[in-house]
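Thanks, everyone, for making the time. I would like to walk through the side-chain packing in one model, beginning with the aromatic rings and then turning to the nonpolar core.

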Amino acid sequence: MVKIVILNDTRNSNKDKFANDDGFSAYIETGNNKILFDVGPSEKFMKNAEKLGINLNKVDTIVLSHGHYDHGDGLQYFNNKVEFIAHPNCTLKRWWRDDHSHYSGMQLTKEELKNKYMVHFTKEPYRINQYTYYLGEVTRKYPVNLTKWVLEDGQNDDILDDSGMVIHTENGIIVIAGCSHSGICNIVEQAKMVTNNNKVLAVIGGFHLREINEDTNRVINYMKDNVKEVILAHCTKEEVCNKFINDLQGSIKVSVTEVGKEYNF
């Protein structure tokens with residue numbers, strides 16, 4: 001059985017029970033591994049885990065989807081010496097827009113991460129256990145719109161570190177994404193390639209769809225043709241979530257995450 005529990009999510013309807021920030025974090029049990037996938041921007045993922053009775057001291061692996069503060073700054077508060085898996089570009093200094101009006105990168109440097117964790121930086125897919133893989137640098141078969149972030153030298157940031165996880169089950173694969181800057185369709189295709197399995201049981205995470213447009217419609221059509229269940233999170237706007245639900249109703253299962261919710265597959 002695979003268990004996924006949402007510890008932090010921008011789209012949180014449980015504000016009376018759980019604290020949350022703009023960001024994403026999930027606790028995952030698969031095989032004998034207990035995994036943190038992203039940690040949000042603060043220590044709130046830890047407080048929510050405590051409320052849920054989840055012992056984060058038993059976590060043995062952290063997977064970072066990409067190096068933006070709202071997915072990785074919680075690392076400052078988690079001090080267990082565990083395996084840490086991420087793309088080598090995750091600590092790049094990066095800003096929102098070319099006027100450097102908003103710092104989007106993580107606070108921890110590559111050396112600080114190495115001191116805190118047992119670090120494995122890789123661009124290649126990485127096997128975590130018998131059932132679970134980090135996807136590595138995602139091949140971008142479908143178009144990706146990246147014009148809003150810049151690096152320290154002023155060059156456009158293509159966020160090549162944006163990746164995800166895939167879990168192989170007897171019923172199909174479960175794909176987990178943080179923000180999908182690489183494009184959620186590309187992430188799913190990467191997961192299918194890594195596992196050599198085209199049967200997608202579920203896709204969960206942020207789709208980075210901010211408005212109803214051609215990109216949103218393309219993703220909806222892709223999900224309808226390729227996936228059994230979609231669980232929307234984080235950087236997927238409310239009107240986009242509603243369109244997914246309305247357009248896919250009767251075709252596949254669609255829902256929106258909330259902090260504290262547990263998914264079992």
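Predicted model: local features only at pLDDT ≥ 70, side-chain atom pairs only at ≥ 80, totals over all residues.

Residues are numbered from 1 along each chain as its sequence is written, and side-chain values use heavy atoms, with hydrogens and water left out.

Let me start with the rings. How many aromatic pairs does a search of the whole structure find? The search returns eight, where rings of Phe, Tyr and Trp (its six-membered ring) pair if their centres lie within 6.5 Å, and planes under 30 degrees apart count as stacked, over 60 as edge-to-face and the rest as tilted. One of them joins Phe-24 and Phe-37 in an edge-to-face arrangement, with 6.5 Å centre to centre and 75° between the planes. This pair links distant parts of the chain, since Phe-24 belongs to strand S2 (residues 24-30) and Phe-37 to strand S3 (residues 33-39), 13 residues apart; helices (H or I, at least four residues) and strands (E, at least two) are DSSP runs, numbered from the N terminus. Both Phe-24 and Phe-37 are buried, and by buried I mean under 20% relative accessible area, with exposed over 50% and partly exposed in between, using a 1.4 Å probe and protein chains only.

Trp-96 and Trp-149 form another edge-to-face pair, at 5.1 Å centre to centre and 80° between the planes. Here too distant parts of the chain are linked, with Trp-96 in strand S6 (residues 94-96) and Trp-149 in strand S11 (residues 149-151), 53 residues apart. Trp-96 is partly exposed, at a relative accessible area of 26%, whereas Trp-149 counts as buried because its relative accessibility is 8%.

There is also an aromatic cluster made of Phe-84, Tyr-117 and Phe-121. Over the ring of Phe-121 sits the charged end of Lys-110, 5.1 Å from the ring centre; the criterion is NZ of Lys or CZ of Arg within 6 Å of the ring centre and within 35 degrees of the ring normal.

Now to the core. The largest nonpolar core has 30 residues, and Val-175, Ile-184, Val-203, Phe-207, Met-223, Val-230 and Phe-244 touch the most other members; such a core is a set of buried Ala, Val, Leu, Ile, Met, Phe, Trp, Tyr and Cys residues joined through side-chain atoms within 4.5 Å. Among the elements giving two or more residues to this core are strand S13 (172-177), helix H4 (184-195) and helix H6 (238-248), and H4 supplies the largest share, six residues. Not counting residues up to four places away in sequence, Phe-244 touches, among others, Phe-207, Met-223, Val-230 and Val-254, contact meaning heavy atoms within 4.5 Å.

Ala-191 lies in helix H4 and counts as buried because its relative accessibility is 0%. Leaving aside neighbours within four places in sequence, Ala-191 is in contact with Leu-135, Val-166, Ile-173 and Val-175.

Asp-38, in strand S3, has a positive phi of about 65° although it is not a glycine, and Asp-38 is buried, with a relative accessible area of 0%. Ile-159, in the loop between S11 and strand S12 (164-169), has a positive phi of about 50°, again without being a glycine.
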